[in-house]
Each structure stands twice: as structure tokens, then as C-alpha cells.
Amino acid sequence: MVKKLAADTNAQVQVLNTEGMLLGDSSISSTPIPVKILTPDVIQAISGENGVYIENLHNEKVLHVSVPIKNKINYIAVLRLSSSLEEVYNVIKKLVLFFGVVITASSLVALVIGFFIANRLTKPLNMVKKATQEMAKGNFKVRAQKISNDEIGVLADSFNKMAEELGQLEEMKNEFISNISHELKTPLTSIKGFAVTAMDMVGENSELYEYLNIIDEEADRLSRLVDELLDFSKIELNKIKLTFDDVDINCLIRETVVALKPVAENHGVNLICEKNNDNLVVYGDKNRLKQVLVNLIDNGIKACESGKTVKVVLEAKERAIIKVEDEGHGISESEMKHIFDKFYRGKNSRYSGTGLGLAIAKKIIEEHGGSITVESEENKGTVFTVTLPIKYQ
Ligand SMILES: Nc1ncnc2c1ncn2[C@@H]1O[C@H](COP(=O)(O)OP(=O)(O)OP(=O)(O)O)[C@@H](O)[C@H]1O
Ligand SMILES: [Mg+2]
């Protein structure tokens, strides 16, 4: 009977009596040696219930299922089926592996698709962002590339339209400043000319002489402002023309310091320049470089109280390094970001200018392939550093 059952089920079949004694075994051809099997499944079957037990036999898991056999009144035997679980475990392992590979692969595919979709969405947005940042720096010629016809495409279109209009307005403004400055120059020259002539006519002892002198000085001041405005508009319209030639930097510094000595003295400020005997030559526009130096020294003088010092130092490393150091009121951190902006004038500036000096200076130095930087400590002083490429030494 056990043999027949084993053939049907593919399992080892055993029959035990109600004490657990082995009566028949499908894996043994003869009658088995009487031996008691009292594994948990058998014990449960003896007590009248179905028993299940998984045994670890030589690293192999074996499932035992025991069921009690009953005649009409009593339990008379136990039928025990045993089968190796190895194959089942192998199937489970294969399934786990299969699902692991499928999940990993599909996650990777999802990731790649997600990346491409995100990129498709963010690329046009990034292009618009870059264009806006560029425009915030003052470049109105920048345009956003239109990649798609969706909302982002519409945004790029609107941005480009706005950039074009702003560019036109900016150009109109610069043209206006340029024209008005030109128009102002002629009457100013007449005012100054007639004031000087009138001064000559009335003579120094006349009461009128003082008034005419004021007119002359104020005309000079206005003239300087108009010159700065003209320079500015030229720079903005890219019409500034530099005349390059060999410039002896030592000589240039000396000349500028000598020219500004009277201004410094008027403010009670010491203006000194540290001698450097090197013959340092830069290829540049002498007048424009002088204009930069004049503005830096003038700013230093304006920042200083009477009795303080403004010093101009020249060093030569790989580049010519000009430092303008002052002992003035310094520049606060919040102001620092703006001092090179056009028309920016410091809050505690005692002397009014147009606020164009540094903006023009920066542009001129950049046109020379140089740089201009600033370091400052409030109430201690400020150092402006200009570097320029050296032609020869
Ligand atoms: N050495 C300095 N010490 C303290 N503040 C300075 C110094 N140099 C510049 N600044 C600040 O930076 C501002 C801008 O300087 P910038 O030379 O551009 O304009 P300005 O001197 O006011 O006018 P302009 O030079 O057109 O006559 C100044 O108004 C001042 O507040
Ligand atoms: Mg200035």
C-alpha cells in the first residue's frame, strides 16, 4: 500500500502504529526494522490531529505530514508522507531572483525615462533663467532660445519681447544723454569764455570780479560733469575709442599726483606716491589711464578727513599693480556691491559727483585687459588695486 501511495505522490510514505512504531516504508523494499518515530508531526497525529513538521536533514529541508487513520471507532495508525523541500526552495529562489532582476531593471528604465522627461522640462526653463540672469547684469541683447511651443515657449517669447523693448529704451536713454551732453557743451564754453573775458574787463578789485569767478568755477564743474556724462554714453554705446601707445606707468603716476596735489591740499590731505624706479611700460591709452587714476585719487581725497593721507603705490610682479590707499571713512559691506554701478553715489559722500567715476574706470581698465578691485574697512580706509598687463620692463 505504501509503495502504491509513494508512486502516486512522489513522496516517501510511511505507516506507523499509534505508538509511533514503523510498520511500512515505501523507501525500503522489505519489512522495516521496527523503530519508533516520535517527531512532532507523528506525536500530533497520534493525538488525533494532522501534524506538520519541517526537519533539517543533512542541510536539506524535509517536510513531514502525518495524519491519523481511523476505523469506525478508534485511531489505528498514522500515515506519514515526507518530501524534500529543496526543489520548492530552488523554485522560490529562482522566483525571488527573477523578480529582483525585473524590479531593478524596471526601476532603472523608469529612472532613465524620468531623467529625460525632467531634462526636457527643465532645459527650456534653464535657458530662460540664464537669459534673465544675463539681462539682470545689463545685457539687453540677450535672447532666450525658444525650444517648445508650450507655456515655457510663450514665456521665452514674452521675455524676448521685453528684452527688445528694454534694449530700445536703453539705447534711447544713452542717445539722449549723449545728445544733451553735446548740446550743453557749447553754451558752457560760451559762459566760461564770457566770464573770463568779463573778469579781465572789470579787474580784480571790482566787486563783480568775485561773482564772475564763481560763474567761471561753476562752469568748470558743470563742464566736468558733462564730460563724464559724455564718456559714460560713449562707453554704453560702445563708441569709446582708445588710442594705444607705450605708457610709462611711473611717469603717469607722478604726473597725476602732481596735478592733484592742489586738490589734496585744499582738503588738508597729504597726497604721496611711493617711488618705484623700475621702467615699467604698459601698452594703453595714456589719457584714459590718467582719468582712472584721477578718479581713484579724487575718491580717496574726498573720503579723507583733514590731516589724513592718500598714497599711490606701484608694484611690478607679473603685471603692473597700482594701489591707491586712503585713510578715509571706508566703504560699508552693503555699499561695496554698488560702488562700480553707474550713477551710484555713496550715502555718506560729502562731495557730490555723478557717481560715474568708478563705472567708467572699470570699463577703461577692462578694455586694457586689466582688473580693478577694492578692499575696505570702515573708519580705517580703502585700497583700490588696478592691475595691467606689462608690455616690457
Ligand atoms: N576711496 C573711497 N573711500 C570711500 N568711499 C568711496 C571711495 N571710492 C569710492 N567710494 C564710494 O563709491 C561711490 C562711487 O564712486 P565714483 O567714483 O563712481 O563716484 P563719485 O566719486 O561719487 O562721482 P564721480 O567720480 O563721478 O565724480 C562714491 O560716491 C563713494 O561713496
Ligand atoms: Mg569718483
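This report describes a metal site, a ligand shell, a strand residue and an annotated domain in a predicted model.

## Basis of the model

Residues are numbered from 1 along each chain as its sequence is written, and chains are lettered from A and ligands numbered from 1 in the order in which they are written. In this predicted model, local features need pLDDT of at least 70, side-chain atom pairs count only at pLDDT 80 or more, and totals for chains, interfaces and linings use all residues, while side-chain values use heavy atoms, with hydrogens and water left out.

## Magnesium site

The magnesium ion (ligand 2) is coordinated at 2.2 Å by OD1 of Asn295 and OD1 of Asn299. Donors are N, O and S atoms within 2.8 Å of the metal (3.2 Å for Na, K and Ca); water is not among the atoms, so the site may look incomplete.

Asn295 and Asn299 both belong to helix α7 (residues 286-303), and because they are four residues apart, about one helical turn separates them. Helices (H or I, at least four residues) and strands (E, at least two) are DSSP runs, numbered from the N terminus. Asn295 has 11% relative accessibility and so counts as buried (buried: under 20% relative accessible area; exposed: over 50%; partly exposed in between; 1.4 Å probe, protein chains only).

## Shell around ligand 1

Asn295 also has a polar side-chain atom 2.9 Å from an oxygen atom of ligand 1. The side chain of Lys302 places an N or O atom 2.9 Å from an oxygen atom of this ligand, and a polar backbone atom of Gly355 is 3.0 Å from an oxygen atom of ligand 1. On its own, ligand 1 has 590 Å² of accessible area, of which the protein covers 95% (Shrake-Rupley method, 1.4 Å probe; for residues, only the protein chains shown count as cover).

Two or more residues of the shell come from each of α7, α9 (357-367) and β12 (381-389). Helix α7 gives the largest share, five residues. There are 23 residues around ligand 1, of which Glu228, Asp326, Gly346, Thr354 and Leu358 come nearest (near: a heavy atom within 4 Å).

## Arg80 in strand β5

Arg80 lies in strand β5 (residues 75-84) and is buried, at 4% relative accessible area. Beyond its neighbours within four places in sequence, Arg80 has contacts that include Gln12, Leu16, Ile37, His64 and Ser66 (contact: heavy atoms within 4.5 Å).

## HAMP annotation

An unreviewed UniProt entry places the feature "domain: HAMP" at residues 119-171; UniProt positions are given in the numbering used here, feature names are shortened, and annotations may be inferred rather than shown by experiment. Over residues 119-171 the chain is 74% helix and 0% strand, with 37 Å between the end C-alpha atoms.

Notes. Polar contact = N/O pair within 3.5 Å; in protein donor to acceptor, adjacent residues only side chain to side chain.
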